[in-house]
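Colleague: Could we go through this model together? Please begin with how confidence is expressed.

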Amino acid sequence: MDKTQPHPLFKLATELGPLLVFFFVNAKFNLFAATGAFMVAIVAAMIASYVVTRHIPIMAIVTGVIVLVFGTLTLVLHDETFIKLKPTIIYALFAAILGGGLLFGRSFIAVMFDQMFNLTPQGWRILTLRWALFFAGMAVLNEIVWRTQSTDFWVNFKVFGVTPITMIFAIAQMPLTKRYHLEPASLEASEAEAGDVRKG
């Protein structure tokens with residue numbers, strides 16, 4: 001099914017909006033109020049994404065589910081540890097999915113990121129390995145920050161540290177995607193060849 005491509009600003013709003021809500025509510029009230037607001041904002045962002053594009057990226061779904069589970073634990077048990085652990089769980093899960101896929105000869109990066117570009121098999125493998133290592137590193141970094149710094153510092157890091165780090169890393173992968181980009185004609189030929197093999 002074809003997906004409607006939203007305006008880049010809409011995509012940015014649905015991704016950064018919940019984080020900004022989390023930051024401002026924490027600054028004005030506390031982490032527990034921010035957690036509740038973050039949960040509502042995440043759900044609202046997914047609904048908005050579906051209304052506009054008739055599609056919700058798999059990463060957004062996984063992230064949303066984990067936010068709701070750990071957010072609920074945070075509020076019910078009144079323990080901020082759970083919401084601080086949430087990024088670690090998400091990063092570790094993504095790293096495990098990507099790394100595990102590589103072990104079985106599969107590259108799940110395109111599915112996870114809902115990307116529209118096409119790469120050669122080698123390109124997908126390299127990109128998948130890089131993102132798996134990135135997510136593993138971010139899981140470790142989150143653990144270091146929340147366990148050694150104050151809650152306000154962790155919130156600031158989550159909003160103003162993680163986002164730039166992720167964007168810089170993603171931009172740094174552009175040379176790789178250009179180098180291993182698969183032209184439409186090559187892609188069609190590859191798919192046709194695969195079809196002939198299956199028929200034979």
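Modeller: pLDDT is the predictor's confidence in each residue, from 0 to 100. This is a predicted model, in which local features need pLDDT of at least 70 and side-chain atom pairs count only at 80 or more, while totals for chains, interfaces and linings use all residues. Residues are numbered from 1 along each chain as its sequence is written, and side-chain values use heavy atoms, without hydrogens and water.

Colleague: What is the mean pLDDT of the chain?

Modeller: The mean is 86, and 85% of the residues reach 70 or more.

Colleague: Where is confidence lowest, and where highest?

Modeller: Helix H10 (residues 184-199) is lowest, at a mean of 48, and H6 is highest, at 95. Helices are DSSP runs (H or I, at least four residues), numbered from the N terminus.

Colleague: Over which residues does pLDDT stay under 50?

Modeller: Over residues 190-200, for which the model has 0 contacts beyond four places in sequence; a contact means heavy atoms within 4.5 Å.

Colleague: Changing topic, is Thr 35 buried or exposed?

Modeller: Thr 35 counts as buried because its relative accessibility is 0%, the cut-off being under 20% relative accessible area, with exposed over 50% and partly exposed in between (1.4 Å probe, protein chains only). Thr 35 belongs to helix H2 (residues 31-53).

Colleague: Which residues does Thr 35 touch?

Modeller: Leaving aside residues up to four places away in sequence, Thr 35 touches Phe 22, Gly 71, Thr 74, Leu 75 and Ile 83.

Key. Helices (H or I, at least four residues) and strands (E, at least two) are DSSP runs, numbered from the N terminus.
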